[in-house]
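Student: I would like to learn how to read a structure, one feature at a time. Please start wherever you like.

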Amino acid sequence: MKNSVSTFLSAKKQGNKLSMLTAYDYSMAKLIDDSGINGILVGDSLGMVCLGYKDTLSVTMEDMIHHTKAVTRGTQNALVVADMPFMSYQTSVYDAVKNAGRLVQEAGAQAIKLEGGATVCEQVAAIVKAQIPVMGHIGLTPQSVNMFGGFKVQGKGEIAAKQIIEDAKKLEAAGVFAIVLEGIPYKLAELITKSVSVPTIGIGAGPSCDGQILVYQDMVDIYPGKKPKFVKTYANVGEIMTGAFKAYIEEIEHGTFPAKEHCFEIDDEVLNKLY
Ligand code: KIV
């Protein structure tokens, strides 16, 4: 069944949990979509897990459009949400609407996600007015890594926690259809989830959120970097792949690959004429 913004909103009303994963290319989008996920996020995390940067700040609109196009080609049923990269919406409301429009028009995304609370509500409202659904993202917002002084859990103190609650309410009022809560205490996430009418999608925000999202490389263990505490490994795909790569190299060295079944024939009559 095709997922849409309405699917997300009615899931919250009916108390059904929402599932999301990231994807950045055609093959993976197809595998994830076929497994019955509600939403696929083309996250700017692609800067780290696909492009090898130390954070998400170098990701460009062109990177996002390129990867979102591949994902939308591989997706039939999941709602495809594309991240707005650093500096594609912070600069002005005009830039925000223009760049959100490119992710929909050129790349085929059905919704966009941007980071921040009260400070980006003007942009959110303008993008929604342009008929583009917006997913909010608050808490540990990776594009603010330099302001936070690292990837640190947010909202532990009273003032910070109150600010995140306020941000969630303001995003809701600005028109978001869902809010990602990242890297905050699970009891704060529970409070926010109860305070807003749109679904919360947690990553490092505990079980009370209306849905969950993970970076797929983390949950199948194919990203060599350090894994955050909130990640659960569902399969050691990295180990399986390394095993396959080693077996391939060994078989080449021993001459057992390619075997007869991997080869193409030529008629002897033709062959004889070649000598
Ligand atoms: O970029 C990303 O992958 C994200 C998720 C982790 C929420 O923003």
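Tutor: Let's begin at the ligand: a polar side-chain atom of D83 lies 3.1 Å from one of its oxygen atoms. We call that a polar contact (a pair of N or O atoms within 3.5 Å). This is a predicted model, where local features need pLDDT of at least 70 and side-chain atom pairs 80 or more, while totals for chains, interfaces and linings use all residues. Residues are numbered from 1 along each chain as its sequence is written, and side-chain values use heavy atoms, leaving out hydrogens and water.

Student: How far from an oxygen atom of the ligand is the polar side-chain atom of S45, and how far is that of K113?

Tutor: For S45 the distance is 2.5 Å, and for K113 it is 2.9 Å.

Student: Which residues surround the ligand?

Tutor: The surroundings consist of T22, L41, G43, D44, S45, D83, K113, H137, V180, I203 and V215. A residue joins that list if one of its heavy atoms lies within 4 Å.

Student: What about the overall fold?

Tutor: The chain contains 12 helices and 8 strands. These are DSSP runs numbered from the N terminus (helices: H or I, at least four residues; strands: E, at least two). The 8 strands form a closed barrel in the order 1-2-3-4-5-6-7-8, with parallel pairing. Two strands pair if DSSP finds at least two bridges between them.

Student: How many bridges join strand 4 to strand 5?

Tutor: Strand 4 (residues 111-113) and strand 5 (residues 134-139) run parallel and are joined by 2 bridges. I112 has V134 of strand 5 as its bridge partner.

Student: How do I read a pair of aromatic rings?

Tutor: Such a pair is described by the distance of the centres and the angle of the planes. Rings of Phe, Tyr and Trp (its six-membered ring) pair if their centres lie within 6.5 Å; planes under 30 degrees apart are stacked, over 60 edge-to-face and the rest tilted. This structure has 3 aromatic pairs. In one of them, the ring centres of F8 and F177 are 5.8 Å apart with the planes at 75°, so this pair is edge-to-face. The two residues are 169 positions apart: F8 sits in helix 1 (residues 5-14), F177 in the loop between helix 8 (158-174) and strand 6 (178-182).

Student: Are F8 and F177 buried or exposed?

Tutor: F8 is buried because its relative accessibility is 0%, and F177 is buried at 4%. Buried means under 20% relative accessible area, exposed over 50%, and partly exposed in between (1.4 Å probe, protein chains only).

Tutor: Another pair, Y24 with Y216, is tilted, with 6.1 Å between centres and 40° between planes. Y24 is in the loop between strand 1 (18-22) and helix 2 (26-34) and Y216 in helix 10 (residues 216-219), so the pair ties together parts 192 residues apart in sequence. Y24 is buried at 2%, as is Y216 at 8%. Across the chain, 47% of the 275 residues are buried.

Student: What should I look for in the backbone?

Tutor: Most residues other than glycine have a negative phi, and most peptide bonds are trans. Here, M87 has a positive phi of about 75° without being a glycine. M87 belongs to the loop between strand 3 and helix 5 (93-105) and is partly exposed at 42%. Q131 also has a positive phi, near 75°. Its loop runs between helix 6 (121-129) and strand 5, and Q131 is exposed at 67%.

Student: Where is P258, and what is the peptide bond from F257 to P258 like?

Tutor: That bond is cis, with omega near 0°. P258 is in the loop between helix 11 (237-254) and helix 12 (268-272).

Conventions
A polar contact is a pair of N or O atoms within 3.5 Å; within protein, one must be able to donate a hydrogen and the other to accept it, and residues adjacent in sequence count only if both atoms are side-chain atoms.
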